[in-house]
Amino acid sequence: MGLACGPAHADRRVALIIGNSAYKSAPKLGNPVNDATLVGGMFKKAGFDSVDVRLDLSASEMRRMLREFAGRARDADMAVIYYAGHGIELDGNNYLIPTDATLETDGDVLDETIPVERALFAVEPAKQLRLIILDACRDNPFSKTMKRTLASRAIGRGLAKVEPTSPNTMIAFAAKAGSTASDGDSRNSPFATALVEHLPKPGLDLRKAFGFVRDDVLKATSYKQEPYVYGSLGGDDVPLVPTRPIATGPQANPQDAVRRDYELALQLATRDGWEAFLAQYPDGFYSNLAKGQLNKIAAEETRAAAEQKAKAAEQEKTRLIAERAQKAEQEKAVAAAKAAEEARIAAEKKKEIEQARAEAAERERKVAEAAAAKALAEKQAAEKVKAELAAKQAAEKAEQPAKPTADRQIPEAEQKVAALSPAPASTLSAADLAKSVQSELRRVGCLSAAADGDWSATSQRSLTLFNKYAGTQFDVKLVSVDALDALKAKPGRVCPLVCNFGFKADGDQCVKITCRAGYRVGDDNECEKIPEKKPVATREDSRRRDADRKQTEAAPSAPQASGQMICNNAGCRPIAKGCRLGTTNHPATPTIKIPAEICN
């Protein structure tokens, strides 16, 4: 008889309630956990067959709960998902934010959040009604700190408008698309309070119930927050709680509701759940049990905090030990790397030195071989010419008795032979040849010493200067007929004229610089005006100046710090102030020194 009095086929109703408050990378929200607990109790009182309340879920936990709820919705006529927490809109799509999300960049939204389409997929199997309630339009702190990887990517305020594609599907927003919702000043948000007030009314159509919710929230927020519902239902009324038949049997025990709420809080086993229960039932047997559960949770929190503190201290100790060891290893590695680099640099320098020595030795070998080959060739040519001349003279002497008139022709023949052959020059002795070359070097301005026939280092430097300014490449260590011929071919000066301080080049001579009255030779070897105010010099200063002047005039021509002249094919010019006349390596033959202007 009892079964006959009830409905023959009761609709199966399931609900999933999620409340996220304790965000790790954002300030904690006060109401989502309280709202989820309140709404979960409402669905239980409404007689839903399955009500699963979950608080502070990570991304993996939210995905698992939606997957499990989709399985329960396959056998249900009505499936409802309520979510309270942070949400975000990116490029027109809405996402629910788990508690472990960091959202450093806009690209992290796709990896760390749950799309609202995933919730729609979970309620899709229900046969009559698919309802999603989103209390997730709060002001999102992640959007303020999030880095944008693409300037054109839009991050909206609140959630974006949603149009369900499946029939008999409704999506209720706590605030209209593009606006934010308020948590309110009380324990629960205005939206959650209005939901609990109107949704469980027996026989009340959901569209009208959400209309009453809208009116209450507008009044509670001074018309700043307007809830909105997207989707559509058919022409029949669709109440969340069907009309209850008039009870004819015995009345239910009032303590049954308290017991059910206690069991729900016991299932949650959280501080927020027990505090919500005590706020609803401050006194009584179950209230005392709830206080005991709160004390148990407080003790566990104290123990967990102490354990966490000890673990943090141990980790800090381990980190410091590791850092000290790592620092020592790093210093050792740095020292080893420095020593290796120094060794490499030293080896590289040694290699360069040895390579330079080898190249210099090779150049000297080639020069010596060339000089020896040239000397041998010249010697052989001279001996051959000498032998031919001796043979010719002997033949002429033999023919002289038979041809007396030939005596007058012999000198002429000798002159012709001398004109046709370069050998007579080579018949000179080495000293005479060296003296002739020195005389020519003096003529072209490359040698200032006397021509004494001694081929010394001074003579070699002079021939080096001739090679530089004449563009020749004679071996300076050996005097040759070719060098003598090249010198004779130059009609005038080749090497530049260098004059002492107080003198200037005039053609091939150094003439003394004469300044007009009131002027004198300055440090740049040019005439400059004498200052009007002259210090009174003593007799001793005059004698010292005269002695210095005589010493300067009597000094030999030598490079000085200033007042010098340097001449070349382009002409003569004074040495720059602060510079001096010195020598440098020849560009083509580094072992040979040539005159140059040196400025430090």
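Predicted model: local features only at pLDDT ≥ 70, side-chain atom pairs only at ≥ 80, totals over all residues.

1. The structure contains 21 salt bridges in total. Side chains of opposite charge can pair when their charged atoms come close. Three of these pairs are taken up here, each with the accessibility of its partners.

2. Asp 52 pairs with Arg 54 in a salt bridge, and the closest N and O atoms lie 3.0 Å apart. Asp 52 has a relative accessibility of 8% and is classed as buried, because the cut-off for buried is under 20%. Arg 54, at a relative accessible area of 34%, is partly exposed.

3. A salt bridge also links Asp 205 to Arg 207, with 3.0 Å between the closest N and O atoms. Asp 205 is buried, at 10% relative accessible area. Arg 207 is partly exposed, its relative accessible area being 33%.

4. Glu 341 and Arg 344 form a salt bridge through their side chains, at 2.6 Å from N to O. The two residues belong to helix α11, which spans residues 285–399, and they sit 3 residues apart, about one turn of the helix. Glu 341 is partly exposed at 36% relative accessibility, and Arg 344 is partly exposed at a relative accessible area of 45%.

5. One network should be noted when reading point 2. Asp 52, Arg 54 and Arg 72 are joined into it by salt bridges that share partners.

Definitions and conventions:
Residues numbered from 1 in each chain as written. Heavy atoms only, no water. Salt bridge = Lys/Arg side-chain N within 4 Å of Asp/Glu carboxyl O. Buried < 20%, exposed > 50% of the residue type's maximum accessible area, 1.4 Å probe, protein only. Helix = DSSP H or I, 4+ residues; strand = E, 2+ residues; numbered from the N terminus.
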